[in-house]
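This briefing is meant to be read alongside the sequence and the three-dimensional view. Please keep both at hand while going through the points below.

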Amino acid sequence: MRRIGIISLLVALAGAASAEEPALQDLHLPLLPRTAEEAARIAAVTAPATDFSALESFEELPAGAATVRASPTSDAFSDPSANLDGEGRMDFALGNGIFRKVWVSAPASTQASDGLGPLYNARACQLCHVKDARGHPAAEGEAEVALFLRLSVPDPEAAIAEIAGWIGTAPEPVYGGQLQNFALPGIPAEGRLSVSYEEILVPLAGGESATLRAPTYALADLAYGAPDPATMLSPRVAPQMIGLGLLEAIPAEDILAHADPDDADGDGISGRPSVVWSLEHDAPMLGRFGYKAGTPTIREQSARAFLGDVGLSTSLLPQPAGECTLAEALCLAAPHGVDATAPGAEDEAEALASPLAEEPAIPLGIEVSDEALELVTHYSRNLGVPARRGADDAEVLVGKEVFYAAGCPACHVPKFVTGRMEGESAQSFQLIWPYTDLLLHDMGPGLADNRPEGVATGSEWRTAPLWGIGLTELVTGQQSYLHDGRARTLLEAVLWHGGEAEAARTRVVELTPEDRAALIAFLESL
Amino acid sequence: MRLIIATSALALAATGAAAQTASDVAETYAGIAAAAYADAVEGAEGLKAAVDALVAEPSEETLAAAREAWLASRPAYMQTEVFRFGNPIVDDWEGKVNAWPLDEGLIDYVDASYFGGAENAFADLNVIASPAFTLNGEDVDAAEITPALLEETLQEAGGNEANVATGYHAVEFLLWGQDLAADTDAAGDRPYTDFVTGADCTGGNCDRRAAYLVTATDLLLSDLEWMAGQWAEGGEARGEVLADPDPAVRILTGMGSLAYGEMAGERIKLGLLLQDPEEEHDCFSDNTPASHYGDIRGIANVWYGSYTGPDGEITEGAGLQDLVTAADADLAATFTAELEAALATADDLVARAAGDSAYDMMLVKVDEDGNAVIAQLVEDLVTMAGSIERMSAALDAEGVVMEGSDALDNEAAVFE
């Protein structure tokens, strides 16, 4: 009861504030206006399913014309959007090359691929985004690679005037916004994350049960002293990469249409947009990417990952020392990989004039050229979503009905139509089936990281897309779900749902074993 | 009534003639694939004989002969790459034989300056020196180097594509070693003594290195034999092609994807962009210009409908050129000219590499003229790809860049 009260308060605050805000613009999309006729067709085609006896039209193509063949190999997440033209395919291949590129420390003979670190979590994008799929916690006794910790401390003064409900936080003063567990030779790595699990038995109707593992996270082997006592930790595992460009192409208006911050319809589910400040567009925008939807575009997400994960600067985040803080002197003094002759270097002067340049102790410059950032962005935008497998099997169709009856589609919204865009775009005007509303929901104390990010509270998370989820084991060799990979099966992932999803979770617990198996079969067919 | 019948008969006749040509083209295409994969098998047999000889009696001569055999085995295989992209059977298999690039530290010792990644736990595993190790938390017994160890345990260990344990490039690394000099005309220079057992062994674990080389070569041979079987009479890949009513789709998809994304993009332009000497397809042997040439020659083979094997044997018939000429003779002539220009540029690269330059020198601009030739090759391939797109329109080959799935409707149909 008290929990609900708190949620209502937060929701009320956000709701009150949003009335004063201008509508969120899709500053990143060259959208063409929709005609009334189109809008009517879109409304009809995205209406929830009512007949579960057969497939809906185009249901087997989750990404519309961008859908790729479901390769029976671990490469199933690595094909480009099927409707990409020749030039787009070439840029995809180049982006793939940069995505797998192992960066080296400066100075090196490979002048265009140095600049690693000095602090980093991985030397190449694909080392965490293995096979373009979601990562998983390391096996016992091995170093974590795809799982790291975000860090912050409360900072009531860090408000953004244009964004109501922004929860002020700042990077941890010594370790920064992320714990890097690797560093160049001669520089201490910041430390590592330590995780321990406690098993929890969950009884299910029909005499079945499941075992959840509840993680506890801590900082270990810290090289730069004790962190601020108010430090908040959030574990994050590398997310899967497919279909991102299509999520980016859903008109914000269509996402906001699902928001119900005051739960006006009384279904117990609110759904709040994450509003963030765009580095690229210098304006408030709808957050779409990251586990709390903290980033508005794939380009920004890529730039943040280059900086935080690999220690590489871009024109959006021009700090060649990566995540080094003023407290990490050796790190700041290390050679960097800024290359004056690199393509994109001419933009450096402009970057230096950014507000970040007011921080004199941190040198600025670009290690990843705009061309390379653009290629990685294009690659990330076009990793194809595989076609459904066995979508019309009888059990799968039963499972789909169970999915609807349990209330899952309230947040895991099955269908959207992407915006119609000017010029050639593989993302333009596709009927897609991502099974997400891209909104923030309170998921209860079991999943909470108790670390706010932007307008998202410590117990809110963005609904995860479900497309491709059934191919996880094929692609990565094991199952691992949720923001920190704690769930080892799809059922475990469902059972971790709480908060707004508590009622749906209870319905799943109370299902007959047959219906529960059908639900899982449906998820596996996605 | 009579008029309608006459029209139908005409339409039937026209369809019949077109189908005849298309099936001839499919027949030639499958025949060239069968011949080229069979030649790749022969090349691998030659490689195996030379590798066995090297291991039996390591010397400067037997090592040189094994390298020669590897180089001789490449042209036929490279000419099969045009069958990728349009044929799922080939795509699902290709990583076993030609995966690249690789973290060679997985396999054997590497130079101390080679910065094996701590996050890729296997980049400096050196399985040749490790009869037992831990992989993803499980103990692996590698006392005996077996095909299963290489293809099931080590290949893509940890899901990392750079963990390449099998195929041409693994064998290439074992024969040449790392190419540490990007600024000189020198390839990798592994001493033959790396394979000498007993007191004269260099690099340590010579018996295991020899076992690895033999096992990887055997696997390469058996993988190629499997694929040759897919294209032989009664093979599945051949059957799919011959049953395809519109083979132009897969042929153009293969030509276009190879020329554009794979070659111009990932294999060539990326190296120019990064100026990284390691971005070289055959980086240990410095054989990259020849492998580029082979890829383009493979495109020419399916275009002209003619393939000449290493022994001079010719496989020929109707080529895609015949279909395109019937639809748009000017376009066919334009593409032929573009293709010949790309072959000439690749030939220029081969000649420069045979002289006092090397592909890595061209990449890092030690050889500025060579760098310009590489850039020219990218341009030539991009130009070809433009014509390939026009050809798919001219042939009305729907879905050429869509992996050929008829299930994928156009956007208008989504809202029918």
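Predicted model: local features only at pLDDT ≥ 70, side-chain atom pairs only at ≥ 80, totals over all residues.

How many bridges join β2(A) to strand β3 of chain A, and do these strands run parallel or antiparallel? Two bridges join β2(A) to β3(A), which spans residues 169–170, and the two strands run antiparallel.

**Chain A overall**
- Chain A contains 15 helices and 13 strands, and 56% of its 526 residues count as buried.
- When contacts in chain A between residues at least 6 apart in sequence are considered, 70% of them join residues at least 24 apart.

**The sheet around β2(A)**
- Strand β2(A), which covers residues 147–154, has six of its eight residues buried, so this strand is largely enclosed by the rest of the structure.
- Three strands of chain A form an open sheet in the order β3-β2-β7, with antiparallel pairing, and the edge strands are β3 and β7, each of which pairs on one side only.
- Strand β7(A), residues 232–237, is joined to β2(A) by six bridges, and these two strands also run antiparallel.
- On the β3(A) side, Pro154(A) has Thr169(A) as its bridge partner.
- As a general point for reading such a sheet, side chains in a regular strand alternate between the two faces of the sheet.

**A helix pair in chain B**
- Helix α2(B), residues 60–78, and helix α9(B), residues 288–304, have axes that come within 8 Å of each other and cross at roughly 30 degrees.
- Because angles under 35 degrees count as roughly parallel, this crossing angle makes α2(B) roughly parallel to α9(B).
- The crossing in which α2(B) passes α9(B) is right-handed.
- On the α2(B) side the contact is made by Arg74(B), Pro75(B) and Met78(B), and on the α9(B) side by Ala290(B), Ser291(B), Gly294(B), Asp295(B) and Gly298(B).
- By residue type, the contact of α2(B) with α9(B) divides into three nonpolar, three polar and two charged residues, with Gly counted among the polar ones.

Notes:
Residues numbered from 1 in each chain as written. Chains lettered and ligands numbered in written order. Helix = DSSP H or I, 4+ residues; strand = E, 2+ residues; numbered from the N terminus. Buried ≥ 20, exposed ≤ 12 C-beta atoms within 10 Å, placed from the backbone. Contact = placed C-beta atoms within 7 Å. Axes fitted to C-alpha atoms, helices over the stretch in contact; angles between N-to-C directions. Parallel < 35°, antiparallel > 145°, perpendicular 65-115°, else oblique. Left-handed = near helix turned anticlockwise from the far one by under 90°. Pairing = 2+ DSSP bridges.
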